[in-house]
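The sequence and the structure come first.

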Amino acid sequence: MYSTTKLIAHMKQKGIKFNITSENDARVMLEQKNYYFKLTSYRKNFPKIDNQYQNLDFAYLTDLASIDMQLREYLLDLSLDIEHGIKVKLMSLISNDPSEDGYSIVQDFKAKNGQSYEKTINYLKKNRYLHDLYEKHHAEPSIWVFFEVMTFGTLSIFVDFYLKRSHKKAVKRIHNYLKFTKNIRNACAHNNPLLVNLFSEREFLRHPSAPVSTASKEIGISSQYLNDLKVNDLVSLFYLHQTIQSPALGNHRVRQGKRLINRFHRHSDWYADNVNITTFIKILTVLVDYIDCN
């Protein structure tokens with residue numbers, strides 16, 4: 001384990017410069033605002049020659065960390081929109097199905113997915129703000145109570161369950177993209193860096209699914225980028241969001257997304273020669289434009 005001084009010396013040995021950000025400012029950053037392991041994860045976006053990073057200043061790492069934080073916040077907002085929108089859609093389908101009573105469907109889900117059911121009920125039991133719901137409904141919860149506390153992971157499992165139960169096209173469409181959307185949601189919820197290993201062999205997807213390829217074509221993103229795991233998942237997230245959003249919500253998220261794009265461009269000269277970063281920004285710009293309802 002290195003001290004802050006030794007960490008800075010180690011970075012200098014690897015070719016990381018301290019011209020824009022001084023060593024003293026870097027020390028403050030590492031001790032008060034961020035930590036070495038997360039900050040230096042962004043170094044993987046820059047080439048190395050003879051074990052020396054090329055054209056990489058410490059300022060670039062802190063800038064990418066800041067952008068990545070805002071990117072995760074934005075994508076998490078989109079994920080929460082999708083989660084709510086799917087629950088609204090499923091609730092509408094179930095409520096308007098004369099063969100459903102709102103209770104038996106939960107018990108049928110329990111019979112097929114006992115672990116997910118128990119996880120949801122236990123969460124309800126431990127939630128200090130919803131304890132009254134647990135007291136009243138834990139023995140035989142209705143679908144509307146179950147949806148109220150269902151996690152994103154359980155929602156994904158429920159979608160698969162309900163597709164087999166209903167065979168509805170609208171549910172099939174959600175099913176095709178939700179499992180990929182969940183990858184983005186989980187990374188954002190757990191604060192995992194996204195702007196790392198961009199278009200690298202570590203995140204290579206050999207066979208993109210046909211629905212994602214179709215969505216990519218509609219959005220206007222070349223299929224050559226779908227072999228990247230993040231692009232595959234982002235296409236799914238934005239496509240699914242566009243299918244469930246209202247015009248007001250869509251326009252709000254577009255404005256939010258364009259502010260993020262502008263943040264990317266604040267120091268665009270730093271990354272002008274970095275193909276992976278500039279390509280990612282172009283793809284994200286297309287995705288944000290796609291959910292524009294105007």
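Is Arg-165 buried, partly exposed or exposed, judged by its relative accessible area? Arg-165 is partly exposed, with a relative accessible area of 30%. Buried here means under 20% relative accessible area, exposed means over 50%, and partly exposed is in between (1.4 Å probe, protein chains only).

The model is predicted: local features need pLDDT of at least 70, side-chain atom pairs count only at pLDDT 80 or more, and totals for chains, interfaces and linings use all residues. Residues are numbered from 1 along each chain as its sequence is written, and side-chain values use heavy atoms, with hydrogens and water left out.

**Overall chain**

The protein chain has 14 helices and two strands; these are DSSP runs numbered from the N terminus, helices being H or I with at least four residues and strands E with at least two. Its C-alpha trace spans about 70 × 45 × 35 Å along the principal axes. Of the 294 residues, 48% count as buried. The chain exposes about 15,500 Å², of which carbon and sulfur atoms supply 49%; accessible areas come from the Shrake-Rupley method with a 1.4 Å probe, and for residues only the protein chains shown count as cover. Among contacts (heavy atoms within 4.5 Å) with a separation of 6 or more, residues 24 or more positions apart account for 73%.

**Salt bridges**

Side chains of opposite charge can pair when their charged atoms come close. The criterion for a salt bridge is a side-chain nitrogen of Lys or Arg within 4 Å of a carboxyl oxygen of Asp or Glu. The whole structure holds nine salt bridges, including these:

| Pair | Closest N to O distance |
|---|---|
| Lys-12 and Glu-23 | 2.8 Å |
| Arg-253 and Asp-77 | 3.7 Å |

Arg-165 is in helix H9 (residues 152-166) and Glu-100 in the loop between H4 and helix H5 (104-112), 65 residues apart. Glu-100 is buried, at a relative accessible area of 13%.

Arg-253 forms a salt bridge with Asp-77. Because Arg-253 lies in helix H13 (residues 247-264) and Asp-77 in helix H4 (residues 58-95), the pair ties together parts that are 176 residues apart in sequence. Arg-253 counts as buried at 11% relative accessibility, while Asp-77 counts as partly exposed at 24%. A network of salt bridges links Asp-77, Asp-81 and Arg-253.

Lys-12 forms a salt bridge with Glu-23. This pair joins helix H1 (residues 4-13), which holds Lys-12, to helix H2 (residues 23-33), which holds Glu-23, 11 residues apart. Both ends are partly exposed, Lys-12 at 43% and Glu-23 at 31%.

Helix H14 (residues 275-290) has 16 residues and reaches 23 Å from its first C-alpha to its last, close to the 22 Å expected at 1.5 Å a residue; the expected span is 1.5 Å times one less than the number of residues. Its buried residues include Phe-280, Leu-284, Leu-287 and Val-288. The buried residues of H14 pack against H4, helix H11 (210-219), helix H12 (229-244) and H13.

Leaving aside neighbours within four places in sequence, Phe-238 is in contact with residues including Tyr-74, Leu-75, Leu-284 and Leu-287.
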